[in-house]
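Below is a short report on one protein chain.

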Amino acid sequence: FFPQVDSANAGRVLASDAAVFLKKSGLTDLVLGKIWDLADTDGKGILSKQEFFVALRLVACAQNGLDVSLSSLNLPVPPPRFTDTSSPLLLSGTASSDVPWAVKLEDKAKYDAIFDSLNPVNGLLSGDKVKPVLLNSKLPVDILGRVWELSDIDRDGMLDRDEFAVAMFLVYCALEKEPVPMSLPAALVPPSKRKPISVPGAMPLIPSSTSTKESHQSLPPVGILAAKTPLTQ
């Protein structure tokens, strides 16, 4: 990776060149800014080869759901992935399909049972139905907000069976004091979401009678909250 960024063979990387390259990791600017601050130890806006290696290692940590900190540098992680065609390691829509899903089968069965108990409509759960389950974990609201953002992969404001499993997986990780990643690691993207899929523009409206009936049939802690706003979308 280093020769790609140090095309002049100067033995160092300028901030502007590094920024363009590191953006291809798919991480957010916030995370990349943190990575840069940790790698550029003396704040001179230039990375030596060694400092660039630190940045790459931190990118790999972030892509695999680990904390972006110097303490993560010694943890075993696969090499970082970039979308650039000249990269040794490609990260495209299909490349990640080889990565096994981090959600184990036995855990998925448990999460599916919770999903079904919340009375999904057309295989989807609205935010109102998922919210009480998340709040039940007693995790901080900002963490739960990030869990929702990461698990609502197709950004439709609903969770399907696989997205719900991702949310539950992240909640249990957080309860085990593991940091919730800033961006969803490739291994956590459900196989069903790894190829481009067409998302319907709008879900059909649910008649209010069924919605109210369903929310009353939910589990007690969910039912109380879900019944208040059965049709908010």
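## Fold and basis

In the protein chain, 60% of the contacts with a separation of 6 or more join residues 24 or more positions apart. Contact means heavy atoms within 4.5 Å. The model is predicted: local features need pLDDT of at least 70, side-chain atom pairs count only at pLDDT 80 or more, and totals for chains, interfaces and linings use all residues. Residues are numbered from 1 along each chain as its sequence is written, and side-chain values use heavy atoms, with hydrogens and water left out.

The protein chain has 10 helices and four strands. Their order along the sequence is α-β-α-α-β-α-α-β-α-α-β-α-α-α. Helices (H or I, at least four residues) and strands (E, at least two) are DSSP runs, numbered from the N terminus. Of the 233 residues in the protein chain, 42% are buried. Buried means under 20% relative accessible area, exposed over 50%, partly exposed in between (1.4 Å probe, protein chains only).

## Nonpolar cores

A nonpolar core is a set of buried Ala, Val, Leu, Ile, Met, Phe, Trp, Tyr and Cys residues joined through side-chain atoms within 4.5 Å. The largest one holds 29 residues. Val103, Leu134, Val147, Phe164, Leu170, Leu184 and Leu188 touch the most other members. Helix 5 (105-117), helix 6 (127-135), helix 7 (141-151) and helix 8 (161-175) each supply at least two residues of this core. Helix 8 gives the largest share, 10 residues.

Leu188 touches Trp101, Ala102, Val103, Val166, Phe169 and Leu170, not counting residues up to four places away in sequence. A second, separate core has 24 residues, including Val13, Ala39, Val54 and Ala62.

## Helix 2 against helix 3

Helix 2 (residues 15-23) packs on helix 3 (residues 29-39) at an angle of about 135 degrees, with the axes 11 Å apart. Axes are lines fitted to C-alpha atoms, for helices over the stretch in contact, and angles run from 0 to 180 degrees between N-to-C directions. The two helices, helix 2 and helix 3, are therefore oblique to each other.

On the helix 2 side, Ala15, Ala18, Leu22 and Lys23 meet Asp29, Leu32 and Trp36 of helix 3.

## Ala39

Ala39 lies in helix 3. Ala39 is buried, with a relative accessible area of 2%. Its contacts are Leu47, Glu51, Val54 and Ala55, not counting residues up to four places away in sequence. Ala39 and Val54 are 15 residues apart along the chain, yet their C-alpha atoms are separated by 5.7 Å.

How values were computed: Angles under 35 degrees count as roughly parallel, over 145 as roughly antiparallel, 65 to 115 as roughly perpendicular and the rest as oblique.
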